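My notes follow in the order I took them.

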Amino acid sequence: MTEGLHGELQKHGVFTTTLEGIHNWGRRNSVWPLQFGLACCAIEMIATSMARYDLARFGAEVFRPSPRQADLMIVAGTVTKKMAPQVVRLYNQMPEPKYVIAMGACAISGGPFKQGYNVLKGIDRFLPVDVHIPGCPPRPEALLHAFMTLQRQIDRQKLTGDERPRHLRAEAPSEYPVPQFGKKDLTPGKNAAVWSPPVSTRSG
Amino acid sequence: MDESVTVLKRIEEALPEAAVSRVINPSPSGQHSLLVEPKDLLAVARFLRDDPQLGYDFLSNLTGVDWLDRTVKNKVKKIEIREGEETEVDVVEEQQIPGCLEVVFHLYSLSRKQGPLILRTRTVNRTDRVALPSLVSVWRSAEFQEREVYDLYGVVFEGHPDLRRLLMWDEFEDHPMRKDYIEPDDYEYEPTPHGRVLEKLDRS
């Protein structure tokens, strides 16, 4: 169906869509985040959900206290190495389709604690992150922007074909290995299946 | 008069056998402290709390210091006989000071509105004789702070009701705040590589 016919039919009160279109429309407007925060970024996340910034405009005001009912994990704050296994475990308990927003400098890279001994250098070492937000902490507008970016990503998802997302591919993992506490560090320290850093070069 | 002087005088009157000395702080702040031998620590702490003239009823802070083995060079004037004459010569003497772990207590008296009184105590060395008496029985607020010092410095507090790690996980086998702590090598990518990352690149 062409765009013109679609518009013409709509003028006469006939609405046409594709299955993919209505499927993505429904899901992107009801993304329910998991209600948990790790540090000061969580305060900004709370502010985003309140009346002034009003995350409810995007259908995401229902912060679920149980991972079984959540679609989106907003990793808001510093992920310490002691907390990292619990964060991965929460992610594993969420039903598909599920998304991750890494919010703030700590969640994306370790932030100011990167050289420390007890902070994970980015949650993307263990989880597949969809949207990264820099900032310390990011303003509510930045979280809204990340959320709209995620909505556009969901809107582009295909139901069939090779480009279909992870939750529609049977062979793709739904759960990710939980790191164990080691004598010096987490073991393993990263999940090579999701974390592939660019190679640093001298000339760069 | 300086608080540490009056308190020291009071301790010497009441507990003549206790080994307490004054540590002078040469900086402009002039916060002098009292160094207590571990064997007398519990008796001195009880006395500081219970004595009506002192009444240090609040332990505000308890922290650790890691002193490495160090050599101090002292310039000493000596008289030598040179060419039949006595002359004054500056001789540099090296003094070896063995390392130890130190625990520092900041005490306040809420009833007298006095403080802080700084109390220090030192272990014998940094490796195997690191036990100190616990002060949980005197000030309850010492409980978590002693656990933290045990976790990060490795001071074993004898008589502590529940001496477990506070911040790091139980399987962790080191003390991160010690000066000879080596952090895990999980430092693989920097967007703008510099310093240690470049050195690592040169080696590989």
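For directions, I take axes as lines fitted to C-alpha atoms, with angles from 0 to 180 degrees between N-to-C directions. I also note that this is a predicted model.

**Entry 1: confidence**

I checked the scores of the predictor. The complex has an ipTM of 0.76 and a pTM of 0.84. Chain B averages a pLDDT of 88. In chain B, 93% of the residues score at least 70.

**Entry 2: chain A overall**

I counted the secondary structure of chain A and got 6 helices and 5 strands. Read from the N terminus, the order is α-α-α-β-α-β-α-β-α-β-β. The C-alpha trace of chain A spans about 70 × 45 × 40 Å along its principal axes. Chain A has 204 residues, and 33% of them are buried. I then looked at contacts in chain A between residues at least 6 apart in sequence. Of these, 76% join residues at least 24 apart.

**Entry 3: the sheet of chain A**

I traced an open sheet of 3 strands in chain A, with the order β1-β2-β3 and parallel pairing. Strands β1 (72-76) and β3 (131-133) of chain A stand at the edges with a single partner strand each, so one side of each has no neighbour in the sheet. Direction ignored, neighbouring strands of this sheet are turned by 15° against each other on average.

I looked at one pair in detail. β1(A) and β2(A) (residues 99-103) pair in the parallel sense over 5 bridges. A:Ala76 has A:Met103 in β2(A) as its bridge partner.

Next I looked up the helices on this sheet. Helix α3 (residues 41-49) of chain A lies across β1 and β2 of chain A. Helix α3(A) runs at about 130° to β1(A). Helix α6 (residues 140-155) of chain A also packs on the sheet, touching β2 and β3 of chain A. The direction of α6(A) makes about 165° with that of β3(A).

**Entry 4: the sheet of chain B**

I moved to chain B. Here I found an open sheet of 5 strands, ordered β1-β2-β7-β6-β3, with mixed pairing. The edges are β1 (20-23) and β3 (58-67) of chain B, each with a single partner strand, so one side of each is left without a neighbour in the sheet. From one strand to the next, the twist averages 25°.

Strands β6 (residues 100-109) and β7 (residues 114-122) of chain B run antiparallel and are joined by 7 bridges. B:Val103 has B:Thr121 in β7(B) as its bridge partner. Helix α3 (residues 142-153) of chain B packs on the sheet and touches β3 and β6 of chain B. The direction of α3(B) makes about 10° with that of β3(B). Helix α2 (residues 38-50) of chain B lies across β1, β2 (33-36), β6 and β7 of chain B. Helix α2(B) runs at about 130° to β2(B).

**Entry 5: the hairpin of chain B**

I turned to β4 (residues 70-82) of chain B, which pairs with β5(B) in the antiparallel sense over 13 bridges. B:Thr71 stands opposite B:Gln96 in β5(B). The hairpin has 2 residues between the strands, and B:Glu83 takes a positive phi near 50°.

Is β5(B) buried or in the open? Strand β5 (residues 85-97) of chain B has 13 residues and the number buried is 0, so the strand lies largely in the open.

Definitions and conventions
Residues numbered from 1 in each chain as written. Chains lettered and ligands numbered in written order. Predicted model: local features only at pLDDT ≥ 70, side-chain atom pairs only at ≥ 80, totals over all residues. Buried ≥ 20, exposed ≤ 12 C-beta atoms within 10 Å, placed from the backbone. Helix = DSSP H or I, 4+ residues; strand = E, 2+ residues; numbered from the N terminus. Pairing = 2+ DSSP bridges. Contact = placed C-beta atoms within 7 Å. pLDDT = per-residue confidence, 0-100.
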